[in-house]
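The exercises below concern pockets, a ligand site and backbone geometry. Each task is followed by a solution in steps.

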Amino acid sequence: MPVRSTEWEGVYADGTWLLTPNLVPGTVVYGEGLIREKGREFRRWDANRSKLAAYLKRGGRVWPFRPRSSVLYLGAGSGTTVSHLSDVCAEGTITAIEISPRSFRDLLALAEKRSNLVPILGDAGKPEFYRGRLGSPDVLYQDVAQRDQEGIFLRNLDLLPAGAIGFLMIKARSADVAASPIKVFESTKRTLAEAGFEPIDFRTLEPFQADHGALVVMKR
Ligand SMILES: C[S@@+](CC[C@H](N)C(=O)[O-])C[C@H]1O[C@@H](n2cnc3c(N)ncnc32)[C@H](O)[C@@H]1O
C-alpha cells in the first residue's frame, strides 16, 4: 500500500499503520518495521507501545509538533515515543527527562545518533534542576505513570509560555487504584483547568493502552 500523508504534520500512514520519516535511515529503535518508498524511509509507529500514537489512532485533533518545535518530555523511558517526536521535530529539540538510570542509558545511546535529542537524568517533579537547560518549550509532554502525575505536571507549568500546549498521559490506576478511570480523568481535567490549563482535547486510549487517557491542554 502506498505511503500517504495524514492530517498530522510529519506523520504518515500505510494501511492502518502510522509512520514517521526515519531521521536515521537504516536504524530501528525498538524493533519497529521500516518501510522504504521513493527514496524515503519511514518507521512504523506502534500504538500499543506509544501513547501518543494511541492518541492519534483514537482521533486526536491537537497536533502542535512542527519541524522546529521545542518539546519538554517528562518520563522519557527508553525513548520509544521520544524517537518518533525526534523524527517529526527533525530541526527542533526534544529535551527528555528520565529518572531511571537504566532507561537513561538507552536514551543516551539514542541521542548519540539523534542530535535533536537532549536527555537529562533527573526528577520531573523537581524542574528547578533542569529549567536552566531549557529554552522556552512550545510543548510539554508527560508520561510518568506516577501517583503524583498531576502535581508533577503542574510544577512544570511555570516553564511554559502562554499559549503552549501540554499533553498529560493519565494512568488512572496510578492516581487511585480504587476509583473508576472516568472519575480520575474528570478530576484531573478540573484540577488542571483551575491551575490555568484550558482543556482542549481528551481521548481514552483503549484498546491500545488500558485505563489510560490523553488530556491535551493549553496554558492560558
Ligand atoms: C510509561 S514509562 C514512559 C514511556 C515513554 N514515555 C514512551 O512512551 O516511550 C514512564 C517513565 O517515567 C519515568 N518516571 C517516573 N517518575 C519520574 C519522575 N519523577 N521524573 C522523571 N521520570 C520519571 C519512569 O522511570 C519510566 O521510564
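**Exercise 1. The second pocket**

Solution. The volume is the space filled by probe spheres set on the points, which are joined across faces, edges and corners.

The model is predicted: local features need pLDDT of at least 70 and side-chain atom pairs pLDDT 80 or more, whereas totals for chains, interfaces and linings use all residues. Residues are numbered from 1 along each chain as its sequence is written, and side-chain values use heavy atoms, without hydrogens and water.

Step 1. Thirteen residues, written 13, line this pocket, and Val28, Val29, Asp106, Leu110 and Lys113 lie nearest its centre.

Step 2. Helix H3 (residues 101-113) supplies the largest share of the lining, 4 residues; helices (H or I, at least four residues) and strands (E, at least two) are DSSP runs, numbered from the N terminus.

Step 3. Because domain 1 (4-45) and domain 2 (51-219) both contribute lining residues, the pocket lies between them. The domain bounds come from an automatic or database assignment.

**Exercise 2. The largest pocket**

Task: Which residues are closest to the centre of the largest pocket?

Solution. Step 1. The largest pocket holds about 360 Å³ of space. Step 2. Of its 24 lining residues, Gly75, Ala76, Glu98, Asp143 and Val144 are the closest to the centre. Step 3. Helix H2 (80-88), strand S7 (93-98) and helix H4 (149-155) are the elements that each give two or more residues to this lining.

**Exercise 3. The ligand**

Solution. Step 1. Among the 16 residues around the ligand (a heavy atom within 4 Å), Tyr73, Thr81, Glu98, Asp123 and Ala124 come nearest. Step 2. A polar side-chain atom of tyrosine 73 lies 2.7 Å from a ligand nitrogen atom. Step 3. A backbone N or O atom of glycine 75 lies 2.9 Å from a nitrogen atom of the ligand.

**Exercise 4. Backbone geometry**

Task: Where is proline 207 placed?

Solution. Step 1. Proline 207 belongs to the loop between strand S11 (197-204) and strand S12 (212-219). Step 2. A cis peptide bond, with omega about 0 degrees, joins glutamate 206 to proline 207.

Key: On a 1 Å grid over the protein atoms alone, a cavity is a set of points where a 1.4 Å probe fits but cannot get out, and a pocket is an open set with protein on both sides within 12 Å along at least five of seven lines; lining residues have an atom within 4 Å of a point. A polar contact is a pair of N or O atoms within 3.5 Å; within protein, one must be able to donate a hydrogen and the other to accept it, and residues adjacent in sequence count only if both atoms are side-chain atoms.
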